[in-house]
Amino acid sequence: MGVVLTLSLARFVGSIARLSLGPLLPLLSLELGFPAESKPALLSAYSSGYILTQVAGGFFADRYGAPFVLAFTSGASAFVLLALTSAPGEWGVTWWIRLYAALGLLAGPLFPASSVAVKEGVEPERRAGAAAVVDAAASAGTCVATLAPAVAAATFGWKGVFIMTAVAALFVAMASMRLEQAPKQKERNLSPKDSVTDSKDAGSSYKILFSIPSLSLYLCNSCDNFCKYILNAWLATMFVERYQVSAAEAGGWLAIVEAVGVVSRILAGMRDPLGEKFRWAASSATFLLQGAFLFLAFNAPNPKSCALFLTLYALCTGGHSVGFRPRYFETAPHLAGLLSGYGNTIASMASAMGPVVIGMLLGSEEGKDVESENEGERWNKVGWLMLTASVVGVAGAMGLGGVKRRKQL
């Protein structure tokens, strides 16, 4: 349980460190004088660094153990957060962009190291549930980062928000170092003959990273992230533009949806009804349901029905927690970190691409008379795109299947 709690705190704090910039940006721009044209670069700086270090982070987690990687990334991130509070105002937005890119570089190994930690510190029959709880903690961090920073900044100032996040990251780093002493799962003692065979099989072992089940896993993660980050980036805008509701009301609806998603992941992980053999079935069914509910949500005639379909979508997302996500440490346990690094790197590219594609789709008719344009028709296109991405996700889930593995170390 100590492993799950530490990983949950690490992902929770990591989500807050990543996403608190958005709610605080208006205050930072006012106080530090950030120019409007610099905001896109500042908001994308974290992701630019995050994509670059996940494969390396997974390699080091496999080689040296997850506790070392978790402690380093959390501790170093804390110092970067503190540096943000002490950077002189005259340094300008350029230094903030560099520091946020550094924060992303340091946070990249967090996901693959978490996969390795679950594999090393949790019994096989409980790993899917543990991973679901950790995933839910990351979603809870996203929810808190959306609502809490602006409120906390009103009382403690924006520097107080970054300092509190840094202190939490340092606490995670110290907790991660204690994991070094946690007993790992029993390993099979290898004879000299076994060791020679293992060495000869090393090359074929790495081919697992590009096998059909692994490529299918990458595709599932990419389709899920593509849809998820479109929702994070554009849902509030849709509520305001299409349904003419206030930003505060839109935020309230979205907070409820996010909370339902957190509960769904935890409940799915507690039960894990289908087991390892049917991961493909869990994610196939989840992709079908999420595609249908997202299509209906983007075609809903009013905000209440839209929120209802989004809540149903969030309720079924827990299926991925017992679907494709556990495959990161089941497909090739000895390469769990590297597999997670490759998968999340590709999925992060899909995360960045999704909101951009929607921006192009919604802006494709800007030359026409906007006053007479049907807002509903514009957002209906997004529904079709989400449905298409989910169908592609079903194809990926069907390829997960099972893999023939050597006796795992």
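Among the contacts in the chain with a separation of 6 or more, 86% join residues 24 or more positions apart. The model is a predicted one, and its chain contains 18 helices and 0 strands. Of its 409 residues, 51% count as buried, while the chain exposes about 18,800 Å², of which carbon and sulfur atoms supply 67%.

| Helix | Residues |
|---|---|
| α5 | 66-86 |
| α7 | 110-121 |
| α11 | 212-243 |
| α17 | 336-362 |

Helix α5 has 21 residues and spans 31 Å from its first C-alpha to its last, which is close to the 30 Å expected at 1.5 Å a residue. This helix is mostly covered, with 15 of its 21 residues buried.

Helices α7 and α17 pack with their axes 8 Å apart and at an angle of about 145 degrees, and α7 passes α17 in a right-handed crossing. On the α7 side the contact is made by F111, P112, S115, V116 and K119, and on the α17 side by A336, G337, S340, G341 and N344. The residues of this contact divide into 4 nonpolar, 5 polar and 1 charged.

Residue N225 lies in helix α11. N225 counts as buried because its relative accessible area is 7%, under the 20% cut-off. Apart from its neighbours within four places in sequence, N225 is in contact with R325, N344, A347, S348 and S351.

How values were computed
Residues are numbered from 1 along each chain as its sequence is written. This is a predicted model: local features need pLDDT of at least 70, side-chain atom pairs count only at pLDDT 80 or more; totals for chains, interfaces and linings use all residues. Side-chain values use heavy atoms; hydrogens and water are left out. Helices (H or I, at least four residues) and strands (E, at least two) are DSSP runs, numbered from the N terminus. Buried means under 20% relative accessible area, exposed over 50%, partly exposed in between (1.4 Å probe, protein chains only). Contact means heavy atoms within 4.5 Å. Accessible areas come from the Shrake-Rupley method with a 1.4 Å probe; for residues, only the protein chains shown count as cover. The expected span of a helix is 1.5 Å times one less than its number of residues. Axes are lines fitted to C-alpha atoms, for helices over the stretch in contact, and angles run from 0 to 180 degrees between N-to-C directions. A crossing is left-handed if the near helix is turned anticlockwise from the far one by less than a right angle, and right-handed if clockwise. Ala, Val, Leu, Ile, Met, Phe, Trp, Tyr, Cys and Pro count as nonpolar, Asp, Glu, Lys and Arg as charged, and the others, Gly among them, as polar.
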